[in-house]
Amino acid sequence: MLNRHSRFRGTMTSFLDLVSGLFEPHAVRIATRKRQRLSLAAEPDEVLYLVRKGLYLACAPIPHARHQVLSLHYPGDIVRALAMPPLDGAELVPATERGEVWRLRWPVAKALLDRDPDLARAVSDRLTDQAARSALHNSILAGLNGDERVAALMIELALRTGRETAAGLVFEMPLSRNDIAEHMALNADTVSRIVSRLRASGLITPAGR
């Protein structure tokens, strides 16, 4: 027997394809370049972003710092201002050279969700998964030392974006040391020293720049 919202179950690719098929007629496609800024303002007209390609940072300015990286977002993630911490100036910023997001006005997205209970359940499940990732990130910051925090981030990126080879998992590192520092509550110079130690131990090996 199939679950009533089984058409949204399966791999993340299936989820993304199915949700995209329903969003596409109403969405604006945005091809992004690295460090382009997309507003996450809740007023006057909130929007919803569906990440299609690339890695994105949800960022907000904080006093005496360039910005704070609030969360990382991968293909299939759904980003809303009201699901983020209530900080003025929050933005969605591409970390990869090329990416793609789809933007929907929130009233349009809400009408689609109200009309299709299966879609609403799938989107709710996805947002719940993202909230769980955020809670895990907070636990990492509270319970691990600097080396362990950076290692945890490397593992996350490898598992979510990497490909398996005979030598191990190969993945792109689009984050700058400042991005890593501001996401993992560390100093940028500390991040450089930690990465150097991970390389010296043989846990990570750069494949290029």
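Author: Start with a term: a salt bridge is a side-chain nitrogen of Lys or Arg within 4 Å of a carboxyl oxygen of Asp or Glu. Keep in mind that this is a predicted model.

Reader: Why would such side chains pair?
Author: Side chains of opposite charge can pair when their charged atoms come close.

Reader: OK. How many salt bridges does a search of the whole structure find?
Author: The search finds 13.

Reader: Show me one. What is the N to O distance between Arg 133 and Asp 129?
Author: It is 3.9 Å, and their side chains meet in a salt bridge. That distance counts because the cut-off is 4 Å.

Reader: And where do Arg 133 and Asp 129 lie?
Author: Both are in helix H3. They sit 4 residues apart, about one turn of the helix.

Reader: Buried or exposed, what is Arg 133?
Author: Arg 133 is buried, because its relative accessible area is 16% and the limit for buried is under 20%. Asp 129 is partly exposed, at 31%.

Reader: Which salt bridge does Arg 133 form with Asp 77, I mean how far apart are the atoms?
Author: The closest N and O atoms are 2.8 Å apart. This pair links distant parts of the chain, 56 residues apart. Arg 133 is in helix H3 (residues 117–143), while Asp 77 is in the loop between strand E5 (68–73) and strand E6 (78–80). Asp 77 counts as buried, with 0% relative accessibility.

Reader: Which residues are linked in a network of salt bridges?
Author: Asp 77, Arg 126, Asp 129 and Arg 133.

Reader: Buried or exposed, what is Asp 114?
Author: Asp 114 is exposed, at 55% relative accessible area. Lys 110 is partly exposed, at 39%.

Reader: New topic: the surface. Which residues form a nonpolar patch there?
Author: Ile 155, Leu 159 and Leu 169 do. Together they have about 310 Å² of accessible area.

Reader: Where is Leu 159?
Author: Leu 159 is in helix H4 (residues 146–161).

Reader: Why is Leu 159 called exposed?
Author: Because its relative accessible area is 64%, and exposed means over 50%.

Definitions and conventions: Residues are numbered from 1 along each chain as its sequence is written. This is a predicted model: local features need pLDDT of at least 70, side-chain atom pairs count only at pLDDT 80 or more; totals for chains, interfaces and linings use all residues. Side-chain values use heavy atoms; hydrogens and water are left out. Patches are made of residues with over 30% relative accessible area and no salt bridge: like charges are joined within 9 Å, nonpolar side chains (Val, Leu, Ile, Met, Phe, Trp, Tyr) within 5 Å. Accessible areas come from the Shrake-Rupley method with a 1.4 Å probe; for residues, only the protein chains shown count as cover. Helices (H or I, at least four residues) and strands (E, at least two) are DSSP runs, numbered from the N terminus. Buried means under 20% relative accessible area, exposed over 50%, partly exposed in between (1.4 Å probe, protein chains only).
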